[in-house]
Structures are given as C-alpha cells and as structure tokens.
Amino acid sequence: QVQLLESGGALVEPGGSLRLSCAASGRPLSSVSVGWFRQASGNERELVAAINWSGHRTYYTDSVQGRFTISRDAARNTVYLAMDSLKTEDTATYYCAASRAGNSIADIVQAPPHNLNWGQGTQVTVSS
C-alpha cells in the first residue's frame, strides 16, 4: 500500500502563491490517478483537482480553475498542486489521495473515500 505525505502548506496573504507536494512511498504512483482534496472548518471535504496516470488529463473544480495547477513527476514519485492568486476562501486542510488501482480521472472523481489512499493533510491559511 502506498503512503502519501503532503507538505508545503503555510500562511500566505491573499493574492499569494503556494506549491503543495504529495510524496509517495511504498509503491510507484506512476500507474494510478491522484487527486487533491480540501476540507475547511465546518465544511465537507471537496475535490479540488485530479490528474490521470500519465499526467495528460486533469480536472479542476470551478472555484480553482485558472488559479491552481496539478502536475506529477514520476521520477520523484510526487504530485504537486501549484496555487496562485490565493483567496481567503481557499483556506483549508489539503489532502492528496491516490486511487488504489485506477488510472483515470473518474477513479478519483467517482471513487468512494475508502477506495483511495490518503495522506495526513497540510494546512493552507490565506489571510492578511
């Protein structure tokens, strides 16, 4: 089973940028799809972005389209989430999750939570 470790969360001012990393160990991520989710205090967890196994297909929720970019580096066994033009409403704990066996966007978007491997999360706070 793959272990996922997120990093890169921080306190940043509105309009700023961050890059989150999701480093995998235990097995290669290169054959499965991966997603970034977030959960703000008092809210349900939501899918922010997803990437298929090859990196050629991506998905973004409407609220981050054009501001966030998901990417993957097979050599580093890592998936990234670059976040620009951050807003206060982006404040949340961000989690990466990998499909247990699927390699498409749908394997993230439609998967029940227990079908994914989860990291422990990293906190992003956008505040002046």
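**Close-up 1. Surroundings of Arg38 in the predicted model.** Arg38 belongs to strand β4, which spans residues 34-39, and its relative accessible area of 6% is under the 20% limit, so Arg38 counts as buried. Its side chain makes a polar contact of 2.9 Å with the side chain of Asp90, and a polar contact with the side chain of Tyr94 is likewise listed at 2.9 Å.

Close-up 2. Four salt bridges are found in a search of the whole structure. In one of them the side chains of Glu46 and Arg38 meet, with an N to O distance of 2.6 Å; Glu46 is partly exposed at 30% relative accessibility, whereas Arg38 is buried at 6%. Another salt bridge links Asp90 with Arg67, whose closest N and O atoms are 2.8 Å apart. Because Asp90 lies in the loop between β8 (78-83) and β9 and Arg67 in the loop between β6 and β7 (68-73), this pair ties together parts that are 23 residues apart in sequence. Both Asp90 and Arg67 are buried.

Close-up 3. Arg76 forms a salt bridge with Asp73, the closest N and O atoms being 3.5 Å apart. Arg76 is exposed, with 58% relative accessibility, while Asp73 is partly exposed, with a relative accessible area of 24%. Elsewhere, salt bridges that share partners join Arg38, Glu46, Arg67 and Asp90 into one network.

Close-up 4. Ala92 is found in strand β9, which comprises residues 92-99, and is buried, with a relative accessible area of 3%. Although Ala92 and Ala40 are 52 residues apart in sequence, their C-alpha atoms are 4.2 Å apart in space. Not counting residues up to four places away in sequence, Ala92 touches Arg38, Gln39 and Ala40, and also Thr122, Gln123 and Val124.

Close-up 5. The structure holds one aromatic pair. Phe37 and Trp118 form this pair, which is tilted, with 4.8 Å from centre to centre and 55° between the planes. The two residues come from distant parts of the chain, Phe37 from strand β4 and Trp118 from strand β10 (residues 116-118), and are 81 residues apart. Phe37 is buried at 9% relative accessibility, whereas Trp118 is partly exposed, with a relative accessible area of 25%. Arg45 lies over the face of Trp118, at 4.0 Å from the ring centre; in a separate arrangement, Arg19 lies over the face of Tyr80, at 4.1 Å from the ring centre.

Close-up 6. Strand β5 (residues 46-51) is largely enclosed by the rest of the structure, because five of its six residues are buried. With β4, strand β5 pairs in the antiparallel sense over five bridges, and Ala50 in β5 is the bridge partner of Gly35. Strand β5 also runs antiparallel to strand β6 (residues 58-60), to which three bridges join it, with Ala50 standing opposite Tyr59 in β6. The hairpin of β4 and β5 has six residues between the strands, and Gly42 in its turn has a positive phi of about 85°. In the hairpin of β5 and β6, which also has six residues between its strands, Gly55 takes a positive phi near 85°.

Methods:
Residues are numbered from 1 along each chain as its sequence is written. This is a predicted model: local features need pLDDT of at least 70, side-chain atom pairs count only at pLDDT 80 or more; totals for chains, interfaces and linings use all residues. Side-chain values use heavy atoms; hydrogens and water are left out. Helices (H or I, at least four residues) and strands (E, at least two) are DSSP runs, numbered from the N terminus. Buried means under 20% relative accessible area, exposed over 50%, partly exposed in between (1.4 Å probe, protein chains only). A polar contact is a pair of N or O atoms within 3.5 Å; within protein, one must be able to donate a hydrogen and the other to accept it, and residues adjacent in sequence count only if both atoms are side-chain atoms. Contact means heavy atoms within 4.5 Å. Rings of Phe, Tyr and Trp (its six-membered ring) pair if their centres lie within 6.5 Å; planes under 30 degrees apart count as stacked, over 60 as edge-to-face and the rest as tilted. A charge sits over a ring if NZ of Lys or CZ of Arg is within 6 Å of the ring centre and within 35 degrees of the ring normal. Two strands pair if DSSP finds at least two bridges between them.
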